[in-house]
Structure formats: C-alpha cells, structure tokens
Amino acid sequence: MPLEQCARRISANPISQTSKTQAIQMQSLSATSQQISVNTSARQSMVDVFSYDAPDANHSPLGPLYVIGQRGSDDPSVNYIISLIAAMAHRHYFADTTLTSKEAFSRTLQKLNEIVDDFVRVNNAPLSVGVVAVARGTLLASRVDKFKVLLARQGEIIDVFTNLTLFSKEHLEKKRFSSMLSGTLQDNDALLAFVPTKAISTRERFVRTWLAQETPEGLTQRFATAGQKSPTFEGTFLHVTIGASPQPATIESAPQPVAPVEPPRAQVMGDP
C-alpha cells in the first residue's frame, strides 16, 4: 500500500490584545501545528482534523482551536458529524472576547453536547472526537470516547488525560463532553493528539520515543519511514509545538466586546 504522507504547519498569531491593554515585558508563547498522515488511503481511516487560528487580535488570547475526530461510518448520512462539531466549536469558542479562555471553552462544550447527544441517540453510530485549545500558556482539552493527547516535556512523555498532577479536570455535565481538562504549558513543550486506533496503539511506545526525541521535521520523517516499512500502520496525528514569541505579551485592562464571529471556511487538515 503506498504511503500517503503530509505535514502541514500552521503558526498561531503571537499573543496580543488590541483593546485597552498595557504591554508588559514577559515571555509569551505561540503554537505551531502540523498534521501528519500515514497511509491514510486505507478505507478504514476516517479521521478529520480542523484547525482555527484566532480571527483577529481581539480574539488572540483565546489562542488556536483544534478539533480531531474519527467518523464511525463512511455512510454519507452520518459522516458529516466531525465537520459539524468543528464548525460549532469555532463559532462558540470565539464568539465573546469578554470571556476567559476557560469560560469560552466550557460554554463551547455545552453547545457541542446538544448536537453530539442527538447524533448518537438518533444514529446509534460510534464517535471519537477531541477538542483542544492552546490559550496563551494554557492547554484546554475535552474528548468523547477514544482520544489521546501526549505531552513531550524535557525528554519525558505525559498522557494529558490521565495525569491529574499537572492537569486539572473539571466536571461539566453528565453528557458526552463530560469534563474539561486544563493545565499550564511551557516553552519547548510538544503535543501529539490522535484517535488511538489499534494500528497506533500497538506502536505507541515507538511514537512516544519519537515525540520525546525528534524535531517536527524529524518526527514527520519517522512516521514516513514507519509507514513505508509497514503498510498496516495508518493514522492521522496533530503535532503542536509550543515556543517563545519574540513579541512581548500583553495584559488586558477593561476588555471591549466585539461582534460575534461567523465561522469562515475551516482549514481542513483531515482525510478527503
């Protein structure tokens, strides 16, 4: 089976605020992302990845937003669900700049629960999806069913959803997106988000080693080589690196509300 390998990088806007602000000299963090797809021409691979940068400087404290999901069926009557979740997440997360990132993320999950619960109840179809935001130096994440985020920090690998020492979990409601995870990110951190299929899980120890040791370019090459050697190894990954921005961060003083943002066309990073 031929290798289908792609890596697309998206740089989030440096942290800034254009409403009434006071600039302070401190290190700010920005996120750079790439999608890595291995052998995704396989029919069973139905993973979609969506990436949204903050639409303007007023929204930049909320940071970039990512949605990664695996459709449980290739039936066209149900395979729209990941793109719908992504569009709804974008609309509600960036809708109100007077909210903190955690408040915006929590409200977004509540809105998503309305459509996800209805979808699962009506279609009885499996669904695995994760929503992730990198807001300044904070990671926010939630998931439905199978979804994993690995954090590489100083040579160590941390499973974000199971490490409650570095990350706190806030329970929201007894629905599909039932809780919100939050924690602090550091300069030189790297994240790898994916739906852990059987093909990925059997090789996860290798994936962890690559994530801990490699640069973004090196990680891409590792996956490419593994895919060439083993056609059964297929999967789609979102790789996010956290780095210091050369521009000073800002703190907000009396934020001003802006009009709700209508979702533009998403940067679709998933399989066709």
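Begin the tour by selecting strand β13, which supplies four residues to the lining of the largest pocket, the largest share that comes from any element. Keep in mind throughout that you are looking at a predicted model.

If you colour the lining by class, you will find eight nonpolar, eleven polar and four charged residues. The space in the largest pocket comes to about 250 Å³.

**The whole chain**

Now zoom out and show the protein chain as a cartoon, in which five helices and 15 strands make up the secondary structure. The chain has 272 residues, and 51% of them are buried. Among the contacts that join residues at least 6 apart in sequence, 75% link residues that are at least 24 apart.

**The nonpolar cores**

Hide the surface and select L65, I85, Y93 and F105, which have the most contacts inside the largest nonpolar core, a set of 32 residues. To see which parts of the chain build this core, show β4 (47-52), β5 (65-71), α1 (81-93), α2 (101-123), β6 (127-135) and β7 (138-144), each of which gives two or more residues to it. Helix α2 gives the most to this core, with eight residues.

Stay with F105 for a moment: which residues does F105 touch, if those up to four places away in sequence are not counted? They are L65, Y93, V131, V132, A133, L140, A141, S142 and M180. Another core of 25 residues lies apart from the largest one, and you can find it by selecting I68, A141, L181 and A193, which are among its members.

**A histidine in α1**

For the last stop, select H92, which lies in helix α1. Is H92 buried or exposed? Its relative accessibility is 15%, and because a residue counts as buried when this value is under 20%, H92 counts as buried. Displaying its surroundings shows that H92 touches R107, T108 and K111, once residues up to four places away in sequence are left out.

Notes. Residues are numbered from 1 along each chain as its sequence is written. This is a predicted model: local features need pLDDT of at least 70, side-chain atom pairs count only at pLDDT 80 or more; totals for chains, interfaces and linings use all residues. Side-chain values use heavy atoms; hydrogens and water are left out. Buried means under 20% relative accessible area, exposed over 50%, partly exposed in between (1.4 Å probe, protein chains only). Contact means heavy atoms within 4.5 Å. A nonpolar core is a set of buried Ala, Val, Leu, Ile, Met, Phe, Trp, Tyr and Cys residues joined through side-chain atoms within 4.5 Å. On a 1 Å grid over the protein atoms alone, a cavity is a set of points where a 1.4 Å probe fits but cannot get out, and a pocket is an open set with protein on both sides within 12 Å along at least five of seven lines; lining residues have an atom within 4 Å of a point. Grid points are joined across faces, edges and corners, and a volume is the space filled by probe spheres set on the points. Ala, Val, Leu, Ile, Met, Phe, Trp, Tyr, Cys and Pro count as nonpolar, Asp, Glu, Lys and Arg as charged, and the others, Gly among them, as polar.
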